Amino acid sequence: AKQTHRGSYVLFNEDHGNQIDRQFRLERALKLSIESDELLCYFQPQYDCNSERIVGFETLARWKNAEFGMIPPSQFIPMAEKSGFIKELGRHVMECTFAFAKSMEGRGLTVSFNASPMELLEVNYIDYLISRYRFYGLSPNSIAIEITESSLMESLEKITSKLQILKKQGIQIYLDDFGTGFSSLTYLKTLPIDAIKIDKSFIDEIVTKDVEKDIVLMIVGLARRLNMEVIAEGVETEEQLNCVTRAGCHLIQGYFISRPICQSEVLPLLGQPKKQ
Ligand code: C2E
Ligand code: CA
Ligand code: CA
Ligand code: CA
């Protein structure tokens, strides 16, 4: 702390100052990340245990900065949301997703990407999305948008009609991080959802805890009733995979199948496209 001329102390120390400075420089660097080619998209496979093949990918943003190194999305996404940069970031990720899906055409894959609540509520977002989707000439079911329950809290009616527009275009809707938010059942009833993604926190303890097992069973049963798919997130071990499939969920995303990979690693993983 620094002593002022009147002898009292102000709440300031160097550590705190450095923190603020770092945050400031980080935010400035983030705003330059797209033009300096630092903001990349990785793709994590989604695997169908029934057909024993990869059926889709989730696009995940990666930021590799020269000064700060790898910054995790858990850090830069909230930063981008706060500064408003999420709009550019989201459009960049959307573009990567569509280009990737186009390059994978004919393989029957669905590529999903995450949309922040803030983006979804933006007036021009849906029109922009559809115009880019049409620009790429993507076929129905080749794209899915992942939304979180928190994004729905505010205006369920508005979001519902927006999502219905997307569905009419052939874009799928995934409900992300299911089970971590509030009053999920209302959303399931109201929104045009194609698939529910069970949050990793349930999968983490599914092998050892009966409660987690029961929750997954319940979600799978509910989804089946509502004609929705279920994707289990964060499956890391064979034991978890066995528990999840025994509960009736055959769509898997997690390190046990693969970590998120860059585009050049995708083709070797998929192999040659199957002849129809
Ligand atoms: P999410 O949408 O729930 O994405 C899944 C996260 O779980 C990813 O973390 C993924 O790498 C991680 N994951 C997948 N399987 C496993 C596993 O088996 N074990 C473990 N430990 N982790 C696994 P990531 O890439 O760090 O992203 C974190 C979050 O940041 C995402 O959570 C999403 O909410 C957000 N995010 C990432 N990219 C974007 C983006 O382009 N736009 C927006 N709005 N948010 C994004
Ligand atoms: Ca997601
Ligand atoms: Ca998730
Ligand atoms: Ca998450």
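In helix H2 (residues 73-83), the buried residues are Phe76, Met79 and Ala80. These residues cover an arc of only 100 degrees around the axis, so they fall on the same side of H2. What does the face of H2 turned away from its buried side carry? That face carries the exposed residues Ser74 and Lys82. Just after H2 comes glycine 84, with a positive phi of about 90 degrees. The model described here is a predicted one.

**Strand E3 and its partners**

E3 is mostly covered, with eight of its ten residues buried. The strand pairs with E4 in the antiparallel sense, over ten bridges. Within this pairing, tyrosine 42 stands opposite leucine 60 of E4. E3 also pairs with strand E11 (residues 251-253). That pairing is antiparallel as well, and it runs over two bridges. Here aspartate 48 stands opposite leucine 251 in E11.

E3 and E4 form a hairpin, and four residues lie between the two strands. Glutamate 52 sits in the turn. Its loop joins strand E3 (39-48) and strand E4 (53-65).

Most residues other than glycine have a negative phi. Glutamate 52 has a positive phi of about 55 degrees although it is not a glycine. Is glutamate 52 buried or exposed? Glutamate 52 has 59% relative accessibility, and therefore counts as exposed.

Asparagine 141 is also not a glycine, yet its phi is positive, at about 70 degrees. Where does asparagine 141 lie? Asparagine 141 belongs to the loop between helix H5 (125-136) and strand E7 (143-148). With a relative accessible area of 43%, asparagine 141 is partly exposed.

**The calcium ions**

Which protein donors does the calcium ion (ligand 3) have? They are Asp176 (OD), Asp177 (OD), Glu233 (OE) and Glu233 (OE). These donors lie 2.2 to 2.6 Å from the ion. The donor residues of ligand 3 follow the spacing D-D-x55-E in sequence. Aspartate 176 lies in strand E8 and glutamate 233 in strand E10 (residues 229-233), so this pair ties together parts that are 57 residues apart in sequence. Aspartate 176 is buried, and glutamate 233 is buried too.

The calcium ion (ligand 4) has Asp177 (OD) and Asp177 (OD) as its protein donors. These lie 2.9 to 3.1 Å from the ion. Aspartate 177 is part of strand E8 (residues 172-178).

Two aspartates link calcium ions. Aspartate 177 bridges the calcium ion (ligand 4) and the calcium ion (ligand 3). Those two ions lie 3.7 Å apart. Aspartate 176 coordinates both the calcium ion (ligand 3) and the calcium ion (ligand 2). Here the two ions are 3.9 Å apart.

**Around ligand 1**

How many residues are around ligand 1? There are 20, and Gln44, Arg62, Asp176, Glu236 and Tyr255 come nearest.

| Side chain | Ligand 1 atom | Distance |
|---|---|---|
| Glutamine 44, N or O atom | nitrogen | 3.1 Å |
| Serine 116, N or O atom | nitrogen | 3.3 Å |
| Glutamate 236, N or O atom | nitrogen | 2.5 Å |

On its own, ligand 1 has 790 Å² of accessible area, and the protein covers 80% of that area.

**The end of helix H10**

Arginine 225 is found in helix H10 (residues 210-225). Its relative accessibility is 74%, so arginine 225 counts as exposed. Isoleucine 215 is ten residues away from arginine 225 along the chain. What separates their C-alpha atoms? The separation is 15 Å.

Note on methods. Residues numbered from 1 in each chain as written. Chains lettered and ligands numbered in written order. Heavy atoms only, no water. Donors = N, O, S within 2.8 Å, 3.2 Å for Na, K, Ca; no water. Buried < 20%, exposed > 50% of the residue type's maximum accessible area, 1.4 Å probe, protein only. Pairing = 2+ DSSP bridges. Arc of directions from axis to C-beta. Near = heavy atom within 4 Å. Polar contact = N/O pair within 3.5 Å; in protein donor to acceptor, adjacent residues only side chain to side chain. Areas by Shrake-Rupley, 256 points an atom, 1.4 Å probe, with all protein chains shown as cover.
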